[in-house]
Amino acid sequence: MSISQSNRTRTSIRALQVIMIGMMLVVFGRVFYLQIIEYDVYAALGQENSVRQEYVDAARGLIYDRDGRLIVDNEPIYSITITPSLFDKDKLPLLADILNVSDSLLTARVQEAQRYSWYRTSRLITEIDFERFSAIQENLWQLPGIGHQIESKRHYPTDINGSHLFGYLREASEAEYQNSDRLKLGDKVGKSGLEMIYEDTLRGDDGVKYLRVNALGQAISNFEDTTLSQPPVQGTDIFTTIDTELQVLAEELMEGKKGALVAMDPKTGGVLAMVSAPDYDLQKLAGRLDSDYWQAINADTLTPLYNRAISGRQPPGSTFKPIMGLIGLHLGFIDSTTTVYNSGAYMRGRPYRDTAPIGDYNLENAIANSSNTFFFSLMDQIATNGYLNEWSSLVKDLGVGVTNPIDLPYASNGIVPDSTYLNRVFGENQWGVGDVMSMGIGQGLLSLSPLQVAQMTSVIANGGYRVQPHIVKATRMPSGKVIEKDPQLHKVEWITDENLGVVRAGMRKVVSEGPSRYYTNNPEVPTAGKTGTAQNPHGRDHGWFTSFAPYDDPQIVVSVLIENGGYGSISAAPVAAVLIEKYIEGEISRNYVYNYVLNFESRPTDSELIDNE
Amino acid sequence: MNNVREFSWSVFFTWMILAVIGLIAIYSATQGPVSQFLAEYIQDNFIKQVVWVIISLFVLISIQFISPRAFIQLSYLAYGVGIILMILTLMFGTEINGAKSWLRIGPANLQPSELMKIATILAAANYLTSRRDISADNVRYALIAVTIILIPASLVLMQNDLGTALIFLSLIPVMLFWSGLPYGVSLFIISPAVIAYLAVIEWYYGLVAAILLTALIFFIQRRVWLTVTSFVTGFLTVSGVQVAMNQLLQPHQIARIAAFTNPNYDPTGAGWNVLQAKTAIGSGGLTGKGFLEGTQTQLKFLPEQWTDFIFCVIGEEFGFIGSTIVILTFTFLFVRLLNMAGNHKHPFAQLVTVSFTSVYFIHFFINVGSASALLPVIGLPLPFISYGGSAFLTNTIMLAICLNMDFHKREFSIYR
């Protein structure tokens, strides 16, 4: 071996050793960088990786009727979830087979989930039956990225549909869940009815649990650190004033009609039944959204989503006349003996028609026969003596035309005009006595919801107390603690028993002697009420009837509006009569009224016939 | 028989330390608390590796009784048999993880390409050392030696085992350099790899490297044609990488490269392994999470963590201290083996020892480099530590040959 070779060998060995040690230093430096300098970054990443946070849905609060009967509860539904990043596309046919859906549908669903998030778990198929759910569970090991969860949907154990009462749930919008620390994406929140108003009460607090997962997302065990996890807190139960049997009957009676109905306990303001017709099938909106149905009820020109009972604003028509009587007596423009002659019309620049029989009317008979002349005359005096604003504020004392909200969303305040309002609508002093006078018979700009008509009637029924309408009377916390909501009754100071007696007598005569007597005059249940027929510029007149019973000790107020029903005495009054009988007697013995209501078809009123001629 | 005190016990113990570290890591990766989620054949890996270690120990000891001359005499025969085995594997082999590299012999799956590394090195070394030194002007010998290496390399590539093919290719500059290829030319041969690596990250890094390397080659060799060729090659490499990345490569291949240069790119797709590997190592910190306590490891966030990503297991569970022990042990092994090579009088022994050391080193560098995201993910096991019977046996035989030639070095020099 030559010297030069030997030198070269030594040099080469050194060179190789230097290169290798140099590269080892690079590796060492890299490891030092990752493990020492960047430790915090990767330690956090490691945590996120292996510990998965899972929400435990809290059970939504239950809803009970006035007798403690369960009317809204929860029912489990089984859902299949997917985490797209972990899903193996080759397993799609297998999954489709187990779920018994087509490959193309499943592909579309998977793509939808991918668009939403590649990493986050989203629902793939909801509301599958238990059999398929079990099949998925068994095959979970060969379906990476697929998970399952048990959720719940609203269930309605009674025959109550209650679409406007309970309301429906929908997934929270992005704005909603971002503004709330209780909501997360995909959570359902109440979008109407009690579910909406009592959302914060009914919704419990979701629990959190931590699971250790492997790279396939399979849960391996609960995370040891239990201090982090929180058990779910179930929602607060609510007890309503709803009378289940009455509500079911009310819904049946309003079937196929357009309008609204409110039955109220005049002693508390608690709503016994409430219907807005047409309604929609709440069951169909409970679970997986049936988008065809959803679009259909949204597009329906009869607006089934709209709650006519509280959001509607209609002239109350003659149902307002008893209140007019009370105001007239209080202001002293009339007394119980004052008579006004009806000649077929009230003359004030032009004739204002009155269809009541010609003759003299005192207040009691004017209410009983619904003579317009008496109330035109009274309103004329109120207006010309400068008592319009006083009139407006007296009406508002009853809780109508002002904010006196029921615990349902989108309740209308109604309109009880005063001079400021009329100035705003017609222009400064551009309105005349005619605009004011028509309000005396519940027409013109005066408009109230069926609920407010019931409120107004409750004041007459309960001896002059303003009621706070409500549906929920108590809540029960998860701890079992029950919080009663006090019914708020306020005496309306200007209403005297003496004045009330006159008005009530008139209302009693409406029922026993008026045109609705065939349906409403039930000898077993002495009832008082007032019909109304509100002129409707868009079509057939709206029929009104508001009533209370029993006459001596009123326990129920029923107000009914049948839109385009024609005369209130034949459209709305029979509905109220059946409900009152049911509520007071417990059963319906007068089947002819019941059958009449079910088969009701509206007929034109005289004024319409005249207009048409 | 020589005095057993002349046996390099330090290297032998290094081998044992690495084997034990490997068994601990494989146990953790396949027998942890939640290993029931793993396939059954993977759960068997630990016990299989124990068996392989014991077999390898006997092989290592047995080889010490062979005369080192046998390695020279048998080199061509081993090479021929190896090539036949490789061809048989291509025809009848079993495919595991996409590579058709396994030949089923009785109860064991043999990976002929592993043993082929030994045969190739022995054959090429025998050929090169039986000729005169290669000079810059006479490259005929060099070309024949390159052919000896390229034949098995291409067979490995046909088996779809890119990592092992890279090992074969990397033997070319090492062995030629050792056989007298001028430094400048050796540098020129490896320069495209360095330039390409940098060009993948940023094209101008590659260009700067090409210019610097060309200048270095000119400085060492002072040959105009070599300098010009070097620069042209460098420039072509940079442009080639650009064309490949923008025109030739499939989207998933580009994604893999992009994931390497930007690990946060597509963290659940191509970047998954890179990110998970870094997370495993990084979250180990100074002292690690403890044996069987590594969340990344135990929860199987890494594929192939008993082979290609085994360094992550060590890094996560034993932390910086564990990683350092592994790095230092390997460094000691490399330095010690190279010293051994330097002490040899016989060029065959020198070349074989250096080549074997290089094989270990490249495995180590690529494996740990991949795991720590220093390099794109190339599937190569970590010598003596990763699971894999054939690889462990091959690595042990290579070490045994080095030990044998060192143990018998006086006998060897007399023979010459």
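Me: Where is Pro550(A) found in this predicted model?

Reply: Pro550(A) sits in a loop of chain A, between strand S22 (542-549) and strand S23 (556-562).

Me: What makes the peptide bond from Ala549(A) to Pro550(A) cis?

Reply: Look at omega. For the bond from Ala549(A) to Pro550(A) omega is near -15°, and the bond is cis.

Me: Which omega goes with the peptide bond from Ala277(A) to Pro278(A)?

Reply: Omega is near 0° there, and this bond too is cis. Pro278(A) belongs to the loop between strand S12 (271-277) and helix H11 (291-299) of chain A.

Me: Now chain B. Why is Ala373(B) called buried?

Reply: Count the neighbours. Ala373(B) has 22 other C-beta atoms within 10 Å. The cut-off for buried is 20 or more. The count meets that cut-off, so Ala373(B) is buried.

Me: Where does Ala373(B) lie, and what is its phi?

Reply: Ala373(B) is in the loop between helix H15 (347-371) and helix H16 (389-407) of chain B. Its phi is near 60°, a positive value in a residue other than glycine.

Me: Why is Leu292(B) called partly exposed?

Reply: Leu292(B) has 17 other C-beta atoms within 10 Å. Buried needs 20 or more, and exposed needs 12 or fewer. The count of 17 falls in between, so Leu292(B) is partly exposed.

Me: What is the phi of Leu292(B), and where does the residue lie?

Reply: Phi is positive, about 65°, although Leu292(B) is not a glycine. The residue lies in the loop between helix H12 (272-282) and helix H13 (295-298) of chain B.

Me: How do you know that S1(B) and strand S2 of chain B pair?

Reply: Pairing needs at least two bridges. S1(B) and strand S2 (residues 99-105) have 2 bridges, in the antiparallel sense. In S2(B), Trp102(B) is the bridge partner of Thr94(B).

Me: What is the strand order of the open sheet in chain B, and why do strands S1 and S3 stand at the edges?

Reply: The order is S1-S2-S3, with antiparallel pairing. Strand S1 (94-96) and strand S3 (108-110) of chain B each have a single partner strand, so one side of each has no neighbour in the sheet. From one strand to the next, the twist averages 50°.

Me: How many helices and strands are in chain B, and what percentage of its residues count as buried?

Reply: Chain B has 17 helices and 3 strands. Of its 416 residues, 52% count as buried.

Conventions: Residues numbered from 1 in each chain as written. Chains lettered and ligands numbered in written order. Predicted model: local features only at pLDDT ≥ 70, side-chain atom pairs only at ≥ 80, totals over all residues. Helix = DSSP H or I, 4+ residues; strand = E, 2+ residues; numbered from the N terminus. Axes fitted to C-alpha atoms, helices over the stretch in contact; angles between N-to-C directions.
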